[in-house]
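Let's take a friendly look at this pair of chains, part by part. Have the sequence and the model open beside you.

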Amino acid sequence: MVAQLFLNGVILGSIIALGAIGLSLIYGILKFGHFAHGDLMTLGAYFAFLFKVQLALPFWLAFVLAAVFTAGTAVLLNFILYRHLRKRDSVIVMISSVGAALIIRNFVLLVWGPQNKFYEKAIQMPIIIGDGLLRIKQNQIIILILALSLVIAVHLFLSKTKLGKAMRAMADNIDLAYVHHPQLLYQVNWQ
Amino acid sequence: MLSINEIYAGYGEIEIIHGISLEVNEGEIVSIVGPNGSGKSTLLKSIFSLVDIMGGQINYLNSDLTKITTDQMIKKGLSFVPQTDNVFPTLTVEENLELGAYVSKKKLQARFDLIYNLFPPLVEKRKKKAGTLSGGQRQMVAFGRALVIEPKLLLLDEPTAGLAPMYIDLILEKVEEINKTGVSILMVEQNAKKALAMSDRGYVLAAGEKKYEDSGRGLLENEEVAQLFLGG
């Protein structure tokens with residue numbers, strides 16, 4: 001029982017971990033609390049629903065398209081909202097992100113409605129481990145593997161690539177980063 | 001190579017530098033000295049467009065620095081070492097150096113060799129986070145990063161500020177060594193006597209204006225300068 005609860009917690013935690021990485025990256029580098037981050041994650045789930053269920057595309061294609069569209073929405077938010085407030089107090093940017101969160105939330109309600117949606121309606125049989133001690137479903141295994149791979153990928157990106165190192169440098173000391181790589185800062189900020 | 005012509009600069013509405021002219025010729029070490037609040041650092045920052053320029057020109061290798069971007073300045077071999085917070089503390093020494101410039105791996109390795117040669121203590125610290133280093137070693141990292149781009153002119157803002165006495169002479173010796181490799185130096189320094197002794201030329205500022213200019217030795221031997229600014 002405890003082991004099963006622990007496993008369920010790890011699976012749920014790994015979904016939250018992905019969001020937390022994004023949130024801490026934004027806070028570390030751009031220095032504002034991005035309140036619309038969770039709503040962007042929700043929008044990503046609905047994009048996946050659109051491609052996988054409504055347009056009946058294959059799972060992996062729907063997965064990639066959902067990621068691309070969510071990232072695109074984040075870039076769009078930056079272009080129409082955050083970049084204009086870049087020189088203002090970070091509290092102003094944070095409050096604008098609350099507004100962005102409300103817009104995204106209501107956009108989802110408007111397009112997909114308030115009812116629960118399902119990617120698959122069929123019953124999925126769990127894999128039973130250790131004589132019924134642990135039960136894990138196939139999609140939960142995929143969530144675990146994907147979350148772990150993405151965490152490792154983000155770590156490698158930040159520690160091995162030039163853009164990743166520059167992002168860490170910005171989080172460390174933005175004025176010094178400006179002295180060395182003003183152009184790169186614009187790239188990171190998508191300006 | 002650098003010629004500042006009647007520059008007025010400051011922060012927002014507040015003018016701190018009131019029409020200062022200054023020159024650095026190729027291969028020279030030039031020092032800017034003066035009491036606290038005389039505008040030394042602001043003058044240095046104005047070259048790199050880190051403060052607001054209200055008037056005047058800054059010519060460097062045939063271009064007006066007030067009209068080009070910081071990125072273009074870096075490409076033209078201008079490098080700036082800030083006085084404080086001049087390393088990225090959570091990045092390793094090697095990552096700090098890497099961020100000095102985006103050049104090919106082979107070229108970067110050659111620059112690393114030169115930097116480690118100049119600052120041997122950094123070799124064994126290269127995988128350590130810069131935030132764990134002593135003040136003197138951090139200064140070495142900051143110098144190293146500024147050298148990665150193969151600068152023609154190095155701007156140093158109080159390179160010995162806050163350093164332990166054992167590091168002050170070492171850092172100033174390194175400044176001379178860097179200069180001998182063909183890099184011109186313009187530095188603001190609080191250890192005025194030491195700075196002027198090693199400089200080809202010097203400027204004494206007070207209240208945002210240039211009070212004296214002469215060779216380093218000339219300023220040191222000037223009794224008025226000695227009495228007013230060098231503590232007798």
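The report below covers the annotated spans, one chain's fold and the contact between the chains.

This is a predicted model, in which local features need pLDDT of at least 70 and side-chain atom pairs count only at pLDDT 80 or more, while totals for chains, interfaces and linings use all residues. Residues are numbered from 1 along each chain as its sequence is written, and chains are lettered from A and ligands numbered from 1 in the order in which they are written.

For chain A, an unreviewed UniProt entry lists "transmembrane region" at residues 6-28, 59-79, 91-112 and 141-158; such annotations may be inferred rather than shown by experiment. Two of these spans compare as follows.

Chain B has 10 helices and 10 strands, counted as DSSP runs (helices H or I, at least four residues; strands E, at least two). Its radius of gyration of 17 Å agrees with the value near 17 Å for a compact globule of 232 residues, by a rule of 2.2 Å times the number of residues to the power 0.38, over C-alpha atoms. The C-alpha atoms of chain B fill a box of roughly 50 × 40 × 30 Å along the principal axes.

Where do the chains meet? The contact (C-beta atoms, placed from the backbone, within 7 Å) takes 12 residues from chain A and 16 residues from chain B. On the chain A side, α6 (162-172), α7 (174-180) and α8 (182-188) each supply at least two residues, and α6(A) gives the largest share, six residues.

Note on methods: Contact = placed C-beta atoms within 7 Å.
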